[in-house]
Amino acid sequence: MGHTVEKIGGTSMSRVHELRDTVLIADRDAPYGRIFVVSAFGGITNLLLEHKKSGEPGVYAAFASGDGDHGWLAALDRASEAMIEAHRAVLDHPGDLERADAFVRDRLVGARNCLIDLQRLCSYGHFRLEEHMLHTRELLSGLGEAHSAFVTTLMLQRVGIQARFVDLSGWRDTEQVTLEERITGAMAGVDPTTEMPIVTGYAQCTEGLMREFDRGYSEVTFSRLAALTGAREAIIHKEFHLSSADPNLVGADAVRKLGRTNYDVADQLSNLGMEAIHPKAAKTLRQSGVPLRVTNAFEPHDPGTLIDDQPAPTPAVEIVTGLNVFALELFEQDMVGAKGYDAFILEVLTRHRVRIVSKVSNANTITHYVDSSLKVLRRVEKDLAERYPSAQVSSRAVAMASAVGRDLEGLAVLSRGLNALAAAGLEAIGATQGPRPVDVQFILERTALAPGIKALHDALIEQTAQPLAKVA
Ligand SMILES: Nc1ncnc2c1ncn2[C@@H]1O[C@H](COP(=O)(O)OP(=O)(O)O)[C@@H](O)[C@H]1O
Ligand SMILES: N[C@@H](CC(=O)OP(=O)(O)O)C(=O)O
């Protein structure tokens, strides 16, 4: 039969007690053959690092700001309280609560002392704090998953499951190992046929999980684990079904569940920040031939969405999603016929680690739609202005809504979408579609993003778009 590797995301982890007798112990008589990879409880990583969406500083960001006012200590206390609150919500046995409290105390005191020592060391001048920021980020992120995995293990052991806490976070480990070595080393003595491994979504490794993959890293650990152990299937358990739009935005009744889609669509969704699955994780699974399933953790009997390499049977818009971006524009009359502008802009964006979502250009203007902070963009603008003093460089806050599907051929998604937006009284600042019919992007004012997604979803999915007749 083989085993499965299954990931539980943060939002669902906050209700992991509700998943105990459904997802985790799906069959009381045959509970094994399943390896679980867990994210930190919802919101914890935001407190340890920085808020994923708003950028609000957590411990890491406060520490990194380096103003030495020990603001990070208060942030660490906040994280510690939130962790304790999170496990109080899912554990009930006093013995488990005591052990979980002690675990948080131990790890957080350890991290605190480590950071204080680091600050002290760096006050000597030979050691520079900046050089240790990446390690600090790694150390902090690992705390969230170590905690949630430990707590889940306690919860399962309490009801007689041979659950085993598999800590990949490298806590007090002096060895230097790669991600692959970390995973295979930790799994070497584990027998998933007789025990249930609860593995931390964070894995400490020489590559640096945060440096390489950044937020959403638990899916990278998950996919590597599935590939390395030759899983029969990799499963992601989420708070909702993978749906035709965000149920919180469009309404749980209006959205449709996706029965099946492919990695091409999954890539587009990751690009749009929808976190359907981390792009690097999708790649690992695709390459190793492990099928991926995304399920609703709270509807355990529903098979969910299967993601594979198959084309669509018929053209359709499958998902409407969107995100806030900045339109970084460089306008220069002298650009006409000249080369090198684009290459230089890309170099600057790469140097400042700005994520490009999309781009358009014409004779004298190049616009990148980027997912970044205004602070970083100001630096980008400065570099561009220095190189091209006569160019006009600007950043404008806009949003991008996108309609995505395996095959949009013949559906006139661009014109239908623009009509739907206009009918809802919304103006499109831009719209793009490439020759490959997998997505159509609409640029809107930020305030128009939510109503725009609703209007597009209504027109392109709720009232299913029929293909136009092909003109021979
Ligand atoms: N198309 C979509 N289908 C399902 N959920 C979506 C979609 N777009 C956005 N979301 C949002 O994603 C949020 C995060 O869900 P989930 O992936 O379960 O989080 P986590 O990774 O923490 O488990 C949900 O609360 C939901 O509002
Ligand atoms: N908790 C980490 C890791 C992760 O992947 O979480 P989630 O599966 O909830 O996106 C983060 O927020 O980056």
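Two residues are in contact if their C-beta atoms, placed from the backbone, lie within 7 Å. In the chain of this predicted model, 75% of the contacts with a separation of 6 or more join residues 24 or more positions apart. Residues are numbered from 1 along each chain as its sequence is written, while chains are lettered from A and ligands numbered from 1 in the order in which they are written. As the model is predicted, local features need pLDDT of at least 70 and side-chain atom pairs count only at pLDDT 80 or more, whereas totals for chains, interfaces and linings use all residues.

Let us turn to the interior. Buried residues (20 or more other C-beta atoms within 10 Å of their own, C-beta atoms being placed from the backbone) make up 44% of the 472 residues in the chain.

Helices (DSSP runs of H or I, at least four residues) and strands (E, at least two) are numbered from the N terminus; the chain has 17 helices and 14 strands. In helix 13 (residues 279-288), Ala-281, Ala-282, Thr-284, Leu-285 and Arg-286 are buried. Their cover includes helix 10 (218-228) and strand 7 (292-296). After helix 13 comes Gly-289, with a positive phi near 70°.

Conventions. A residue is buried if 20 or more other C-beta atoms lie within 10 Å of its own, exposed if 12 or fewer, and partly exposed in between; C-beta atoms are placed from the backbone.
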